[in-house]
Amino acid sequence: MSESLGSGPRPTPDRTPEQKPATALRRRLAELRGPAVPARPLDARALAALAANPGCRRRALLDGAGVDKGALAEAIGSPSAAFGQSQFAFMRGNAFEAKVKGDGGAELLRLLHERMGAGAEPPRDASSPDLAAAGPEGRAARTSLALREATAAGAWALLDHPMLALEVAGSPAYLEPDAVVVHPDGRWTVVEIKSFPMIDAAADPSKVGAAARQSAVYVLALERVAALVEGAAVDHSVLLVCPKDFSNLPTASVIDVRKQLSVTRRQLTRLARIEEIADALPPGTTFDLDGQSGAALATAVEAVPAVYAPECLAACELAFHCRRRARQQDAVAALGRSLRGELGSLTTIGEVLSAARGESGDPVDPTVAAVRRAAALRAEALAGPPGTNVCAPRTPTGTGTGTDPDSPSTDAGPTAARADGAAARTEAGLPCR
């Protein structure tokens with residue numbers, strides 16, 4: 001009887017084929033960052049930076065595993081500069097956001113209706129559903145349910161700090177926009193609140209561009225939810241709310257993020273899956289800071305291929321380490337992506353200079369031909385007009401001739417310096433200038 005009631009140990013149900021790889025991946029990522037180390041969340045800013053450099057497997061793996069890149073950079077001897085907002089800017093931003101969302105978000109909804117109302121009735125008594133739940137997975141599920149209910153109700157709704165889920169290279173990322181507004185017609189609009197000012201209705205273009213790329217990630221994640229909700233559509237224009245001029249009064253601007261959305265979607269699909277990157281690592285590789293020397297951590301970091309570009313300095317904590325390695329390897333990529341793309345198969349600065357001097361490279365190769373043509377034009381420009389020798393020292397002006405050391409000439413020093421410099425360049429085989 002007791003056996004038939006199941007008093008003994010119950011067999012563990014088999015996991016589905018989809019659950020097994022996900023569980024194995026989470027276990028593998030936990031081993032990489034350290035079993036006792038909590039994972040750092042992958043936010044929209046990090047995703048935007050990752051999408052801007054999809055070829056960097058190092059960042060994809062470290063961000064996917066939730067590794068603290070700032071602490072890792074400090075441990076390997078390449079501490080990053082002051083990253084992120086200062087404490088003062090952070091507090092100012094929180095205070096401004098609280099002001100914008102005060103009184104049930106009345107000011108925020110007024111700005112949105114003024115800029116993006118499209119003839120709808122002004123928002124009155126907009127609902128603000130409770131999105132509290134246990135863990136990011138629970139909050140994401142609660143957000144999806146709230147969006148579905150608000151869309152079905154056909155009324156204004158303001159979701160404060162919803163949680164959205166997005167799969168990136170096989171690993172889930174949980175994103176938290178400042179707000180999402182549901183329109184009566186079923187449109188969903190992302191609202192991004194920033195503390196940088198709009199002066200005369202214009203803001204810093206670089207900061208606006210960063211906000212647009214970040215908002216595009218939110219729109220992409222929101223589209224995944226809207227695809228499962230009947231009558232829902234995600235607006236590809238976001239509302240950017242900033243302080244007006246030099247005051248603390250909010251003002252707003254509409255930003256079309258279709259271009260950023262297309263780029264982000266394409267770049268994220270190009271990312272190699274994290275499990276593929278992890279499987280290619282040497283056995284025993286870990287980024288756990290506890291009990292490991294800086295040399296061992298540096299070896300683990302170098303085991304993951306990276307693609308450095310100068311733009312990484314503003315987006316990644318490991319940029320200084322990657323820049324030093326790129327310079328040590330004489331990589332052309334350290335000079336910029338555009339130049340790296342133009343030089344084709346010439347991947348090091350040494351190869352470029354050797355091809356320019358005619359010491360290596362196929363003359364039929366268009367890249368080699370272009371480099372040699374550029375070198376010839378440079379030499380011609382530095383040589384000066386025919387029949388002149390710009391390396392020869394010029395006779396100084398003044399009361400003396402400049403040849404007698406006792407002669408009172410004020411130009412003798414610069415002339416001697418020019419002569420010495422010209423002689424040194426001639427001796428080194430460099431062109432005159």
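How do the residues of the lining of the largest cavity divide into nonpolar, polar and charged? They comprise 6 nonpolar, 2 polar and 1 charged, where Ala, Val, Leu, Ile, Met, Phe, Trp, Tyr, Cys and Pro count as nonpolar, Asp, Glu, Lys and Arg as charged, and the others, Gly among them, as polar.

This is a predicted model, in which local features need pLDDT of at least 70 and side-chain atom pairs count only at pLDDT 80 or more, while totals for chains, interfaces and linings use all residues. Residues are numbered from 1 along each chain as its sequence is written, and side-chain values use heavy atoms, with hydrogens and water left out.

Select L42, L50, A60, D63, G64, V168, A169, S171 and I274, which line the largest cavity. A cavity is a set of points on a 1 Å grid over the protein atoms alone where a 1.4 Å probe fits but cannot get out; a pocket is an open set with protein on both sides within 12 Å along at least five of seven lines; lining residues have an atom within 4 Å of a point. The space in this cavity is about 30 Å³. Helix α3 (residues 57–65) provides the largest share of its lining, 3 residues.

Next, turn to the second largest pocket, with about 370 Å³ of space. Select A306, V307, Y308, A331 and A333, the closest to its centre of the 20 lining residues. Two or more lining residues each come from α11 (319–328) and α12 (337–342). The lining holds 11 nonpolar, 4 polar and 5 charged residues.

Technical notes. Points joined across faces, edges and corners; volume = space filled by probe spheres on them. Helix = DSSP H or I, 4+ residues; strand = E, 2+ residues; numbered from the N terminus.
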